[in-house]
Amino acid sequence: GRSHFMTISAGIALYPSQASNFGELLRKADAALHRAKQTGKTRCVLFDDSIQNDLIRRTELENGLRNAIENGEISVAYQPQIDLASGKAIGFEALARWNSRRYGAVSPGEFIPIAEESGQIAKIGFFVLRAAARFIKEAQAAGIEGFIVSVNVSVKQLRDDGFARDIVEIMRKEGVLHGRVTLEITESFMIENLAPIAEKLASLKAAGFSLSLDDFGKGYSSLSYLKGLPIDYIKIDKAFIDDITETENGRVLVNAIVSLSHRLGFTVVAEGVEDAAQVALLRDYGCDMIQGYYYAKPMADDLALAQLEKTFP
Ligand code: C2E
Ligand code: CA
Ligand code: CA
């Protein structure tokens, strides 16, 4: 009784000129399909050299990532989150960094999706959580308390039934209270059924973690997520923040998202804030927190702690 609308994307590879066996043919057609989807969907793409090069790089990075933690190539950078009312840093987002011996610095935008697709994201995610817990503990030892660290959680991690148990175990081993950590969930996972995810998030919240809806406004945003998920923070995506100094519609939208979020009881964080004009508008709209290059870039843990003493104008 419902209408369904479908689009088709296709990847094409040729036998025998591009592949000599079925496995190779399928892998190349699949790589071409991937490119078709990445470049706008509803199209077909023929396998070519540039796709071949992507495929090689991807395979290399995927393999390089397997030992990256053991080789000490993964580190964590912390980006301050500023409370607009006080001008103080009250939290940090923990961001994974990969400095590969072979490939140099690889951006998270490149290696995180590869980690997700090759089943390595849980390992990296737990590594980052452990690092964040140690960061909190070391600050504590130096008498510095009261800030929160946000850690990114991938959909893939949430889908794993043991996820809540595993993070509780890590926090217990490290001896850090759950209240010091916020879990940032990206909303792109919401394409699926909301109920089981909502249930898992509720149990994490009951265990004392705060929850943040990351990249709000990007991709598949739906207002039903705001209704159905037990979240504490909304992070407005950079694309929306970029717009507020550009278009009237951009301003109206961000202003409305802030008001709506407040009426629902959420704290609002603006992401990717790069200039003073954006800060001024966000302040007008009543946005609670700012994270962006304008105030501070992601940095090593010792530098990050020093940010707590500053007042950001
Ligand atoms: P995200 O969670 O949206 O993180 C914010 C990204 O925006 C970071 O990029 C940060 O460096 C960047 N950013 C912050 N302020 C500004 C600004 O003013 N201007 C610009 N242009 N960029 C700004 P980064 O570190 O490259 O990370 C990219 C993405 O990779 C993250 O986006 C997150 O989705 C993912 N990621 C990073 N670390 C992890 C991790 O440990 N686990 C998981 N699952 N994902 C991670
Ligand atoms: Ca995030
Ligand atoms: Ca984000």
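This is a predicted model: local features need pLDDT of at least 70, side-chain atom pairs count only at pLDDT 80 or more; totals for chains, interfaces and linings use all residues.

Colleague: Which protein donors does the calcium ion (ligand 2) have?

Modeller: Its protein donors are Glu93 (OE), Asn152 (OD1), Glu184 (OE) and Asp214 (OD), and they lie 2.1 to 2.3 Å from the ion. Along the chain, these donors of ligand 2 follow the spacing E-x58-N-x31-E-x29-D. Glu93 sits in strand E4 (residues 88-100) and Asn152 in strand E6 (residues 148-153), so this pair ties together parts of the chain that are 59 residues apart in sequence.

Colleague: And is Glu93 buried or exposed? What about Asn152?

Modeller: Glu93 is buried, with a relative accessible area of 3%, which means that it falls under the 20% cut-off for that word. Asn152, on the other hand, is partly exposed, with a relative accessible area of 28%.

Colleague: Which residue bridges the calcium ion (ligand 2) and the calcium ion (ligand 3)?

Modeller: That is Asp214, and the two calcium ions that Asp214 bridges lie 3.9 Å apart.

Colleague: Switching to ligand 1, how many residues surround it, and which are the closest?

Modeller: Ligand 1 is surrounded by 21 residues, of which the closest are Ala96, Arg97, Asp214, Glu274 and Tyr293. Sorted by class, the shell around ligand 1 has 9 nonpolar, 5 polar and 7 charged residues.

Colleague: Where in the fold does that shell around ligand 1 come from?

Modeller: At least two residues of the shell come from each of E4, helix H3 (108-117), helix H4 (121-141) and strand E8 (210-216), and the largest share, 4 residues, comes from E4.

Colleague: Which side chains have polar atoms facing a nitrogen atom of ligand 1?

Modeller: For Glu274, a polar side-chain atom lies 2.5 Å from a nitrogen atom of ligand 1, while for Gln79 the corresponding distance to a nitrogen atom of the ligand is 3.1 Å. There is also Asp215, where an N or O atom in the side chain is 3.2 Å from an oxygen atom of ligand 1. As for cover, ligand 1 has 800 Å² of accessible area on its own, and the protein covers 80% of that.

Colleague: Last one, where is Ser212 found, and what is it in contact with?

Modeller: Ser212 is found in strand E8 and is buried, with a relative accessible area of 2%.

Terms used. Residues are numbered from 1 along each chain as its sequence is written. Chains are lettered from A and ligands numbered from 1 in the order in which they are written. Side-chain values use heavy atoms; hydrogens and water are left out. Donors are N, O and S atoms within 2.8 Å of the metal (3.2 Å for Na, K and Ca); water is not among the atoms, so sites may look incomplete. Buried means under 20% relative accessible area, exposed over 50%, partly exposed in between (1.4 Å probe, protein chains only). A residue is near a molecule or strand if one of its heavy atoms lies within 4 Å of it. A polar contact is a pair of N or O atoms within 3.5 Å; within protein, one must be able to donate a hydrogen and the other to accept it, and residues adjacent in sequence count only if both atoms are side-chain atoms. Accessible areas come from the Shrake-Rupley method with a 1.4 Å probe; for residues, only the protein chains shown count as cover. Ala, Val, Leu, Ile, Met, Phe, Trp, Tyr, Cys and Pro count as nonpolar, Asp, Glu, Lys and Arg as charged, and the others, Gly among them, as polar.
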